[in-house]
Amino acid sequence: MEELISRIMAASGLDESLAKKAIGIILAFLQKEGPAAEIGQLFAALPGSQDLAEAEGGAKGGLMGAIGGLMGGGGGVMALGGQLMGAGLSMGQIQSVSKEMFAVGREQAGEDTMGAIVGAIPGLGQFV
């Protein structure tokens with residue numbers, strides 16, 4: 001996990017605290033929206049990912065939670081973007097974080113695992 005955090009910080013310019021928050025938000029989203037088997041493989045390949053996902057996955061209230069509920073479930077990739085922007089990331093930083101996270105995911109969990117995750121979540125492919 002430390003390598004992922006370092007790479008995210010280098011790619012996006014985020015400090016460690018915000019990098020961890022962004023990673024946690026994305027992991028919580030993937031856990032909720034992605035295929036269980038492949039998410040399990042990704043989490044197994046990235047020790048500490050479950051802790052970060054749980055730390056950020058609990059904050060579903062507020063306006064974004066209400067909007068997500070209206071959109072049917074979690075609100076998909078748009079709600080994820082809203083959460084990340086709400087945490088203080090710019091659109092450029094969101095793209096940098098996403099691309100780097102999925103690059104590390106491919107290295108650690110494999111191309112097939114990450115391809116299945118991207119293919120199962122509508123709209124995710126445009127960010128990775």
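**View 1. Contacts across the whole predicted chain.** Among contacts (heavy atoms within 4.5 Å) in the protein chain between residues at least 6 apart in sequence, 68% join residues at least 24 apart. This is a predicted model, in which local features need pLDDT of at least 70 and side-chain atom pairs count only at pLDDT 80 or more, while totals for chains, interfaces and linings use all residues. Residues are numbered from 1 along each chain as its sequence is written, and side-chain values use heavy atoms, with hydrogens and water left out. The protein chain holds 8 helices and 0 strands, where helices (H or I, at least four residues) and strands (E, at least two) are DSSP runs numbered from the N terminus. Of the 128 residues, 40% are buried, a word that means under 20% relative accessible area, with exposed meaning over 50% and partly exposed in between (1.4 Å probe, protein chains only).

**View 2. Confidence along the chain.** The predictor's confidence in each residue is given as pLDDT, from 0 to 100; its mean for the protein chain is 88, and 87% of the residues reach 70 or more. Among the elements, helix 3 has the highest mean pLDDT (97), whereas helix 5 (residues 62–70) has the lowest (43). Over residues 59–72 pLDDT stays under 50, and for this stretch the model has 10 contacts beyond four places in sequence. Where pLDDT is low, the predicted coordinates should not be read in detail.

**View 3. Helix 7 and its cover.** Helix 7 (residues 91–109) has 19 residues, which at 1.5 Å a residue should span 27 Å, and its end C-alpha atoms are 26 Å apart, which agrees; the expected span is 1.5 Å times one less than the number of residues. Among the buried residues of helix 7 are Gln93, Ile94, Val97, Met101 and Phe102. The cover over the buried residues of helix 7 includes helix 1 (2–12), helix 2 (16–33), helix 3 (36–45), helix 6 (76–86) and helix 8 (111–120). Ser98, also in helix 7, is buried with a relative accessible area of 8%, and it touches Ile26, Phe127 and Val128, not counting residues up to four places away in sequence. Just after helix 7, Gly110 takes a positive phi of about 105°.

**View 4. The largest nonpolar core.** A nonpolar core is a set of buried Ala, Val, Leu, Ile, Met, Phe, Trp, Tyr and Cys residues joined through side-chain atoms within 4.5 Å. The largest one has 35 residues, of which Leu30, Met101 and Ile117 touch the most other members. The elements giving two or more residues to this core are helix 1, helix 2, helix 3, helix 4 (49–57), helix 6, helix 7 and helix 8, and helix 2 gives the most, with 10 residues. Not counting residues up to four places away in sequence, Ile117 touches Leu30, Pro35, Glu38, Ile39, Leu42, Phe102 and Leu124.

**View 5. Ser12 in helix 1.** Ser12 lies in helix 1 and is buried, with a relative accessible area of 11%. A polar atom of the Ser12 side chain lies 2.6 Å from the backbone oxygen of Ile8, and a polar atom of that side chain lies 3.3 Å from the backbone nitrogen of Leu14. Leaving aside residues up to four places away in sequence, Ser12 touches Gln93, Ser96 and Val97.

Definitions and conventions
A polar contact is a pair of N or O atoms within 3.5 Å; within protein, one must be able to donate a hydrogen and the other to accept it, and residues adjacent in sequence count only if both atoms are side-chain atoms.
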